[in-house]
Amino acid sequence: MRVESRMSTLPTLGRRSERVLISLRRKLADGAYPPNSRLPTEKELCDEFEASRTTIRRAVARLAADGLVKVVQGSGTYALPRPKREEAGSCTLSVMFPFDSGSLAHVQTLAMAQDMLISVFTHTDWSPLTERNFLKRVLQERHRGLLAFCTPRQPLNDDVLAELEAVGTRVVHVEHYTMTLPERSYVLPDYREGGALAARTLLEAGYEHLRFVQIETDGPYSHIAFDGFVQALREARGEVDPESVRVVLPRGFEVHAEGQRRAEAFMAELPENAGIVARSVDDVAAALASLLRGRGRSVPDDVGIIGIKHLLNYRPCGVVDHIDYDWAALLSRAIEAVVAPNWRGIQRFVKPELVQVGSTRLRQSS
């Protein structure tokens, strides 16, 4: 509560001062300005950031208010030893959580074993503003760590994430929210390899005409998996036009008239001995398998189907073959990194696993 009260009395910085503040906080956290060392002069900071004296003064004033620097009149600005609270962090682990209750219980058990409480944030509409308000609260309360599952919608909240890292909150991303990797720490499903594994599985089973089915509103994970799918095809067959193997359907295609029409058109044009990789299991792969069987197409003899599971598609699936990930191990590794005595960050992928239940010929011939 004391932190909230102190921060609420400070004036709004403005975007330029906020950018300077984030950069200086990160340098202090990384040791670029060791404790008791003098920061560059006001003029030097103006030149470095191409900013006015007022912009620099506002950022330095916020650092001083947060207890990170001390301004000595006539001498300069000096880095202070980091407060113990920021070194150790609070006892709270923030979790941006769209998962099932079982996974949530798993995270809670791991956190409590480390004498930590969890603060759970659930995306309801993937609003950047709602997410930003939550992240600002985490910043005010100086939570020890954050398992981040950020919205891919613009505008991204990368500036607040950087500010969290600069004040000592250990941010570990557990899901992709852009096509590029987070700058700092992550434990992520290797969707690119998952898409490649699905393609290789179908090719090795003898399917000739491969397609990757996506939904119009897909996030980064689907496009990353598609990149891996295309790469595997190129390795096996040479140059491939990505758009020739991509199929995009509307969300809810299995229940809406227009979606059903487009899905029917896709299946009508699908040649024999085709292989489908679907961006998810229950709402795409299983639905396509059902529609194909309804048209008299044999799965897996005529068409093979593999779905790719992701963190929003956590339910067990026994209907189609799928690419899965060890979500429990992913979450455990992320929390281990957050509670480690010495924070060095973590950059790790969780490998995909093929789960066979009979929607491709591979299982029957193995």
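Student: What makes serine 127 a cap for the N-terminal end of α7?

Tutor: A side-chain oxygen of serine 127 lies 3.3 Å from the backbone nitrogen of leucine 129. A polar contact is a pair of N or O atoms within 3.5 Å; within protein, one must be able to donate a hydrogen and the other to accept it, and residues adjacent in sequence count only if both atoms are side-chain atoms. So 3.3 Å falls within the 3.5 Å limit. Keep in mind that this is a predicted model: local features need pLDDT of at least 70, side-chain atom pairs count only at pLDDT 80 or more, and totals for chains, interfaces and linings use all residues. Residues are numbered from 1 along each chain as its sequence is written, and side-chain values use heavy atoms, with hydrogens and water left out.

Student: How do you know that the span of α7 agrees with a helix?

Tutor: Helices (H or I, at least four residues) and strands (E, at least two) are DSSP runs, numbered from the N terminus. The expected span is 1.5 Å times one less than the number of residues. For the 14 residues of α7, 128-141, that should give 20 Å, and the end C-alpha atoms are 20 Å apart, so the two agree. Just after α7, arginine 142 takes a positive phi of about 55°.

Student: Which residues of α7 are buried, and why do they count as one face?

Tutor: Buried means under 20% relative accessible area, exposed over 50%, partly exposed in between (1.4 Å probe, protein chains only). In α7, Pro128, Glu131, Phe134, Leu135, Val138 and Leu139 are buried. Seen down the axis, they fall within an arc of 145°, so they line one face of the helix; the arc is taken over directions from the axis to the C-beta atoms. Their cover includes β3 (92-96), β4 (117-121), β5 (145-148) and α8 (158-166).

Student: What makes β1 and β2 a pair?

Tutor: Two strands pair if DSSP finds at least two bridges between them. Four bridges join β1 (69-72) to β2 (76-79), so they qualify, and the strands run antiparallel. Valine 69 stands opposite alanine 79 in β2. Three residues sit between the strands of this hairpin, where glycine 74 takes a positive phi near 80°.

Definitions and conventions: Contact means heavy atoms within 4.5 Å.
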